[in-house]
Amino acid sequence: MGTGTKYKARPMDEDGFIHYTDEEHQVWHELITRQEKLIKGRACPEYFEGLDKINLPKDRIPQLEEVSSVLRKETGWEVAWVPALINFDKFFALLADKKFPCATFIRTREEMDYLQEPDVFHEIFGHCAMLTNPYFAEFTSAYGKLGYAASKEDRVFLARLYWFTVEFGLINTAEGQRIYGGGILSSIGETPHSLENPDVIRKPFDPIDMLRTPYRIDIMQPQYFVIDDFKQLFDLAKSDVMSMVEEAKRLGLHKPLFPPKEEKMAS
């Protein structure tokens with residue numbers, strides 16, 4: 001999703017195989033080796049369990065089917081090839097159908113630490129391990145169904161719910177707060193920032209509060225929400241989320257904790 005990208009997804013050949021260059025495999029190797037070190041003691045136990053199951057290669061970008069075959073067995077999910085950008089209709093329809101969209105490009109060396117577009121490293125390393133967890137997987141597909149049926153206005157509210165859970169969620173564990181959101185887990189900067197920056201606000205799980213909280217995609221998050229366990233997300237998926245959206249609309253948005261994005265002036 002987004003407005004424009006310099007990246008293009010690598011096509012699949014007739015056998016469903018995606019051909020990457022040696023340089024792209026090398027970028028994957030560098031990303032996964034440094035990120036695996038960084039998430040030790042920071043990612044939640046369920047993420048590590050999922051990572052063990054999907055057993056990602058370190059020396060090359062995995063093929064989508066390698067990951068899908070594990071997810072299918074665990075929770076009925078799979079990874080779906082998409083071009084670099086897809087619209088909301090397609091995004092929600094895929095999630096509803098237990099297909100996690102993955103654009104098959106990898107960031108360039110110039111953007112190793114941060115890029116706005118979700119690449120294959122973000123989607124596979126950041127998100128797929130959590131999709132082996134039944135509660136989390138069920139929440140994500142229920143979210144897709146909600147989003148698909150929602151109006152354009154309501155989708156803006158629902159996007160915040162996804163942002164503060166699937167992308168940037170934290171969880172309480174016996175060892176303290178840990179990360180489960182893929183946007184954090186695939187980011188070298190956000191991983192320590194989310195847990196260790198003293199200026200960051202970490203709020204208890206509250207769906208209406210989440211729905212009312214503005215965010216920006218191009219900054220380190222100033223605020224996160226912390227669930228107690230994944231059953232909380234599962235229970236949310238089974239509740240009347242759209243009435244929560246109505247309540248959030250009635251209450252209005254919170255004041256942003258960040259400055260507005262500077263718009264580039266058209267010349």
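# Pockets, rings and a helix face

Reader: To start, what volume does the second largest pocket have?
Author: The second largest pocket has a volume of about 170 Å³. Please bear in mind that this is a predicted model.

Reader: Understood. How many residues line the second largest pocket, and which lie nearest its centre?
Author: Its lining consists of 14 residues. Those nearest the centre are Tyr 7, Arg 10, Glu 24, Ile 106 and Thr 108.

Reader: And by class, what does the lining of that pocket have?
Author: The lining of the second largest pocket has 6 nonpolar, 2 polar and 6 charged residues.

Reader: Now cavities. How many of 30 Å³ or more does a search of the whole structure find?
Author: The search finds 1 cavity of 30 Å³ or more. The largest cavity has a volume of about 30 Å³.

Reader: Which residues line the largest cavity?
Author: The lining is made up of Phe 139, Ala 142, Tyr 143, Leu 146, Leu 161, Ala 237 and Val 241. Helix α6 gives the most to this lining, with 4 residues.

Reader: How does that lining divide by class?
Author: The lining of the largest cavity has 7 nonpolar residues, no polar and no charged ones.

Reader: Ala 237 was in that list. Which residues of helix α11 are buried?
Author: In α11, which spans residues 230-237, Phe 230, Leu 233, Leu 236 and Ala 237 are buried. Seen down the helix axis, the buried residues of α11 fall within an arc of 115 degrees, so they line one face of the helix.

Reader: Why would residues spaced like that point the same way?
Author: An α-helix has 3.6 residues a turn, so residues three or four places apart point the same way.

Reader: What is found at the start of α11?
Author: There, a side-chain oxygen of Asp 229 comes to within 3.2 Å of the backbone nitrogen of Lys 231.

Reader: Changing topic, how many aromatic pairs are there in the whole structure?
Author: A search of the whole structure gives 19 aromatic pairs. One of them joins Phe 91 and Tyr 162 in an edge-to-face arrangement, 5.4 Å centre to centre and with 80 degrees between the planes.

Reader: Where in the chain do the two partners lie?
Author: Phe 91 is in helix α4 (residues 88-96) and Tyr 162 in helix α7 (residues 152-167), so this pair, 71 residues apart, links distant parts of the chain.

Reader: Are Phe 91 and Tyr 162 buried or exposed?
Author: Phe 91 counts as buried, at 7% relative accessibility. Tyr 162 is buried too, with a relative accessible area of 7%.

Reader: What about the rings of Phe 92 and Tyr 143?
Author: The centres of the Phe 92 and Tyr 143 rings are 5.7 Å apart and their planes are at 50 degrees, so the pair is tilted. This pair also links distant parts of the chain, with Phe 92 in α4 and Tyr 143 in α6 (residues 134-149), 51 residues apart.

Reader: What is the relative accessibility of each?
Author: Phe 92 is at 0% and counts as buried. Tyr 143 is at 2% and counts as buried.

Reader: Which residues form the aromatic cluster?
Author: One aromatic cluster is formed by Phe 88, Phe 91, Phe 92, Phe 139, Tyr 143 and Tyr 162. Among these, Phe 139 and Tyr 143 also line the largest cavity.

Reader: Finally, where is Arg 109 found?
Author: Arg 109 sits in the loop between β2 (99-103) and α5 (120-128). With a relative accessible area of 33%, Arg 109 is partly exposed.

Reader: And Pro 101, where does that lie?
Author: Pro 101 is in strand β2, and at 5% relative accessibility it counts as buried.

Notes. Residues are numbered from 1 along each chain as its sequence is written. This is a predicted model: local features need pLDDT of at least 70, side-chain atom pairs count only at pLDDT 80 or more; totals for chains, interfaces and linings use all residues. Side-chain values use heavy atoms; hydrogens and water are left out. Buried means under 20% relative accessible area, exposed over 50%, partly exposed in between (1.4 Å probe, protein chains only). Helices (H or I, at least four residues) and strands (E, at least two) are DSSP runs, numbered from the N terminus. The arc is that of the directions from the helix axis to the C-beta atoms. A polar contact is a pair of N or O atoms within 3.5 Å; within protein, one must be able to donate a hydrogen and the other to accept it, and residues adjacent in sequence count only if both atoms are side-chain atoms. On a 1 Å grid over the protein atoms alone, a cavity is a set of points where a 1.4 Å probe fits but cannot get out, and a pocket is an open set with protein on both sides within 12 Å along at least five of seven lines; lining residues have an atom within 4 Å of a point. Grid points are joined across faces, edges and corners, and a volume is the space filled by probe spheres set on the points. Ala, Val, Leu, Ile, Met, Phe, Trp, Tyr, Cys and Pro count as nonpolar, Asp, Glu, Lys and Arg as charged, and the others, Gly among them, as polar. Rings of Phe, Tyr and Trp (its six-membered ring) pair if their centres lie within 6.5 Å; planes under 30 degrees apart count as stacked, over 60 as edge-to-face and the rest as tilted.
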